Amino acid sequence: MPALTATATTDFPPSDTYDLVVIGAGAVGENVADRAVQGGLSVLIVESELVGGECSYWACMPSKALLRAGSVLRAAHAVAGARAAITGSPDAGAVLDRRDEVAAHWDDAGQVRWLQKAGIALARGTARLDGERRVVITAADGSTRAVTATHAVAICTGSRAAMPPIDGLAAARPWTSREITSTEHVPARLAIIGGGVVGCEMATAFTSLGSRVTLLARSGLLAEVEPFAGEAVAAQLRDDGAEVLLGTTPERVDRRDDGTVALTLPGGRVLEVDELVVATGRAAATDDLGLETIGLEPGRWLEVDDTLRVHGHDWLYAVGDVNRRALLTHQGKYQARAAGDVIAARASGASVDDAPWGAHVATADHDAVPQVTFTSPEVASVGLTAAAAEKRGLRTRVVDYELGWLAGATVHGEDYRGTARMVVDEDDRVIVGFTLVGVDVGELLHAATIAIVGRVPLDRLWHAVPSYPTLSEVWLRLLEGFGRP
C-alpha cells in the first residue's frame, strides 16, 4: 500500500468545547460537520488517518478508476470503426498511475483546505468516548486531550472488511478492499473470495488488466439484487477469461514461504495464486470508540432512528456505514445532511421535521436505495426486488424488457445485451423496484429513483416522453408492457 500523506495540522484543537464533535472525517463526517456549521454550530472533526476517508482513497474513487480503462475498451470494441483503431490491451501501469491521481496520491491536503474553508476545526488523532458528550483525543505521540460537546457527538467511523472464519486465512495475510484498490502491481494470478459488489468489481477490473482471476462465491453473485443481474455478470467474467466458482468456499488458506497463496477447495483441489482478496462483507468500525463508557457494546453496529440518533442516547448520532442502514457512500452523505441539519435544529430549539420524507430524516434508507455496480455489464438498481416486494406482502406485477431491442441500444454498440425490470405495486399503481443490467445503464438509474421516491403514478409516467433513440426509451417499453389503464 502506498504511503499516506496527512497534511500537517495541529494535533489538538484550540478549544476544549464545541457544539458538535464528529468522529471520522470521511465523506460522511465531512457532510455532517458542514451542515452543522451552516446551521450555526461550532464543530470539531477528529480523524486518525486521511481526511476524506475510505471513499476517496480506498473505495469508490480508486476502484472506479481501475475499472474505467476496461470499460472504455469494451465500448470501443462494440462499434465498427472504433474497433479498428484499438490495438492491444489496457496499459496496466498507466491505469495504476491514473488511479493514483484519482486517489490524490493518498495525500489529503485538498480535503484539509476544504475543512478550513468551511470553518470546521480538525484534530489529528484517535478519538474515544469517555462518558456522555466527552471525547478524549490521543495524538500520534501518545499525548491526550479531552474535549466536550455541548450538544452532540456524531460517530462517522464507517466499516471495515470482515474476515470469514476460514482455517489459516488471517495468518495468510490476505488483501482486503484497501490493498486491492491501492496495489502498486497487478498480480499475475489473483483469487477473490466474495461475490458481492467489491468482489465482482475487482474481478472485472483485474481481468481487464491482465490478471488470471478466480472468483469464489458462497452462493451466486450480487445476491442482493435480481438474480438475472448476477448471472449476467458471471457469464461476462467467464467470457473475459475469469474463473467463477459458485457455491464454493475455501476450506483452508496458506501463505507459502515463496509468498504465493494456496487455497484448498472442497473436493481437494488446491488453487495457487499470487495474491488473495477477501471481500465477504463489512464489520462495524466501533471496536475502540469507548462505547462501553456509555453502556454500548464495542464492535457492534449502532442502531439509530430516522434522524440518525442512537437509541437511548439523545446526544449521540451514528451516521453512514456504522449504523448498517445502507452501506453506500451516497446514502451515508444523504444521512449526513439530515443529521447535521437536525443536530443544528435541536441545538437552537428550532422545529424538527421528522415525519417520513421530512427535512431531518433519512426515509430513503428503507425502500429507495439506489446502487450501481460497475461491472461488465453494469448493474443498476433501486427499491425492492420482485422477491422482496412479494415478501413484503405487496400485490405486485413484474415487467421485463430486453434492452437490446431498443433503437438506442442498436446505435450504442453491436450485439448490445441487457435487461430492465420494473416492479409495480398494483394497488397503488406506482413503481417500487427497478433494475437495469447492461452497458452504461448506471446513468439511467436516477429517473427510476425519482419515480420511486416521488411515488409517481404510472398514469402520469405515460406523459414523461423519452428521447429517441436513447436507452431511456426503455421507460416507454416497460409502460407498454404493463399496459394503459
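In what order do the five strands of the open sheet lie, and is their pairing parallel or antiparallel? In this predicted model, the order is 17-18-21-20-19, and the pairing is antiparallel. The points below begin with the strands and then turn to the salt bridges.

- Strand 17 (370–373) and strand 19 (396–402) are the edge strands, since each of them pairs on one side only.
- Neighbouring strands of this sheet are turned against each other by 10° on average, with direction ignored.
- Seven bridges join strand 19 to strand 20 (residues 419–425) in the antiparallel sense, and Glu402 has Thr419 in strand 20 as its bridge partner.

**Strands 2 and 3**
- Strand 2 (residues 43–47) and strand 3 run parallel and are joined by four bridges, with Glu47 standing opposite Arg124 in strand 3.
- Strand 3 (residues 121–124) is covered on both faces, with Ala121 and Ala123 buried on one side and Leu122 and Arg124 buried on the other.

**Salt bridges**
- The whole structure holds 33 salt bridges, and one network of them links Glu49, Glu54 and Arg178.
- Arg325 and Asp365 form a salt bridge whose closest N and O atoms are 2.7 Å apart; Arg325 lies in the loop between strand 16 and helix 9 (329–348), while Asp365 belongs to helix 10 (residues 364–367), 40 residues apart.
- Asp365 is buried, because its relative accessible area is 6% and buried means under 20%.
- Asp427 and Arg395 meet through their side chains in a salt bridge of 2.9 Å, N to O; Asp427 lies in the loop between strand 20 and strand 21 (430–438) and Arg395 in the loop between helix 11 (386–392) and strand 19, so the pair ties together parts 32 residues apart in sequence.
- Asp427 counts as exposed at 52% relative accessibility, whereas Arg395 is partly exposed at 47%.

How values were computed. Residues numbered from 1 in each chain as written. Predicted model: local features only at pLDDT ≥ 70, side-chain atom pairs only at ≥ 80, totals over all residues. Heavy atoms only, no water. Buried < 20%, exposed > 50% of the residue type's maximum accessible area, 1.4 Å probe, protein only. Helix = DSSP H or I, 4+ residues; strand = E, 2+ residues; numbered from the N terminus. Pairing = 2+ DSSP bridges. Axes fitted to C-alpha atoms, helices over the stretch in contact; angles between N-to-C directions. Salt bridge = Lys/Arg side-chain N within 4 Å of Asp/Glu carboxyl O.
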